Amino acid sequence: MDPEPRPAPGLVEVVPVVGDAYEIRVRGHALTVDQPLSDGGKDTAPTPVELFVAAVASCAAHYAGRFLDRHGVGRDGLSVRARFRMANDRPARVASLSLTVVAPELPPEKVAALRAVVAHCTVSNSLTRPPETELRVIHSSPEGARGPLET
C-alpha cells in the first residue's frame, strides 16, 4: 500500500490548541508552541522565538553534519549550541544570536571551511537577505453578507 501523500513544501498552518498554545502543521508533521508561565502561557512547549533560534541552530547542525560526511569525519560528538538575547527596545525581536559548533576530531585545517559552510545555511541566509513578507487578514463577514472579507 502506498503511503498517504504529504502536502507540498512551502505551506505552514498554525491553529489554536488551548490558551497561548498553538499547533504548527508542516507537511504532515505537527509541532506545538506556547508561552512561558511568566508571559501568561502554560509552558507546555517552546515559544515561537525559541523555535526560530532552534531553526537557525538545527540548520547549522545539518550543514555541519553534511560537511563532516563529505570530509570523512564522523558526526559523533557534533553539537550546535545557540544562545540568544532579546532586544530591550521595540519592536520585540531577537537582538543577538551566537552559535557554537562543536565538531570533535575535525582536522585543524578544515575548521575555516566548516565555519564558512555553516555560516551560509539556508536559515542564516534568510536572515542576511530577508524574504519579502506580505500580511493579509481575512475575517468573517458581517451577518447577511457572503464569504470572508479580506483587509
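Visitor: Hi! How much of this protein is made up of buried residues?
Guide: Hello! In this predicted model, buried residues make up 17% of the 151 residues in the protein.

Visitor: And how many helices and strands does the protein have?
Guide: There are three helices and seven strands. Reading from the N terminus, the elements go β-β-β-α-β-β-α-α-β-β.

Visitor: What about contacts, how many link residues 24 or more positions apart?
Guide: Counting contacts in the protein with a separation of 6 or more, 29% are between residues 24 or more positions apart.

Visitor: Let's go inside. Which residues make up the largest nonpolar core?
Guide: That core has nine residues in all: A60, A64, F67, L68, V73, A103, L106, L114 and V118. Two helices, α1 (48–70) and α2, each supply at least two residues of this core.

Visitor: Which element gives the most to this core?
Guide: That would be α1, with four residues.

Visitor: I'm curious about V73. What is V73 in contact with?
Guide: If you leave aside neighbours within four places in sequence, V73 touches L68, P104, E105, L106 and P107.

Visitor: Changing topic: what volume does the largest pocket have?
Guide: The largest pocket comes to about 380 Å³. Its lining has 13 residues, and the closest to the pocket centre are L99, V101, R115, V118 and A119.

Visitor: Which elements give two or more residues to that lining?
Guide: They are β5 (94–102), α2 (111–119) and α3 (122–128). Of the elements, α2 gives the most to the lining, with five residues.

Visitor: How does the lining of the largest pocket split by class?
Guide: The lining has 11 nonpolar residues, one polar and one charged.

Visitor: Okay, cysteines next. How many disulfides does the count come to?
Guide: The count is zero disulfides. A disulfide is a covalent bond between the sulfur atoms of two cysteines.

Visitor: Is C59 buried or exposed?
Guide: C59 is buried, because its relative accessible area is 10% and the cut-off for buried is under 20%.

Visitor: And C121, buried or exposed?
Guide: C121 is buried as well, with a relative accessibility of 0%.

Visitor: What about the backbone? Which peptide bond is cis?
Guide: The bond from R90 to P91 is cis, and its omega is near 0°. You can find P91 in the loop between β4 (79–86) and β5. For background, most peptide bonds are trans.

Visitor: Then there's R27. What phi does R27 have?
Guide: R27 has a positive phi of about 45°, although it is not a glycine. In general, most residues other than glycine have a negative phi.

Visitor: Where does R27 lie?
Guide: Look in the loop between β2 (21–26) and β3 (29–33). R27 counts as partly exposed, because its relative accessibility is 36%, which falls between the cut-offs of 20% and 50%.

Conventions: Residues are numbered from 1 along each chain as its sequence is written. This is a predicted model: local features need pLDDT of at least 70, side-chain atom pairs count only at pLDDT 80 or more; totals for chains, interfaces and linings use all residues. Side-chain values use heavy atoms; hydrogens and water are left out. A disulfide is a pair of cysteine sulfur atoms within 2.5 Å. Buried means under 20% relative accessible area, exposed over 50%, partly exposed in between (1.4 Å probe, protein chains only). On a 1 Å grid over the protein atoms alone, a cavity is a set of points where a 1.4 Å probe fits but cannot get out, and a pocket is an open set with protein on both sides within 12 Å along at least five of seven lines; lining residues have an atom within 4 Å of a point. Grid points are joined across faces, edges and corners, and a volume is the space filled by probe spheres set on the points. Ala, Val, Leu, Ile, Met, Phe, Trp, Tyr, Cys and Pro count as nonpolar, Asp, Glu, Lys and Arg as charged, and the others, Gly among them, as polar. A nonpolar core is a set of buried Ala, Val, Leu, Ile, Met, Phe, Trp, Tyr and Cys residues joined through side-chain atoms within 4.5 Å. Contact means heavy atoms within 4.5 Å.
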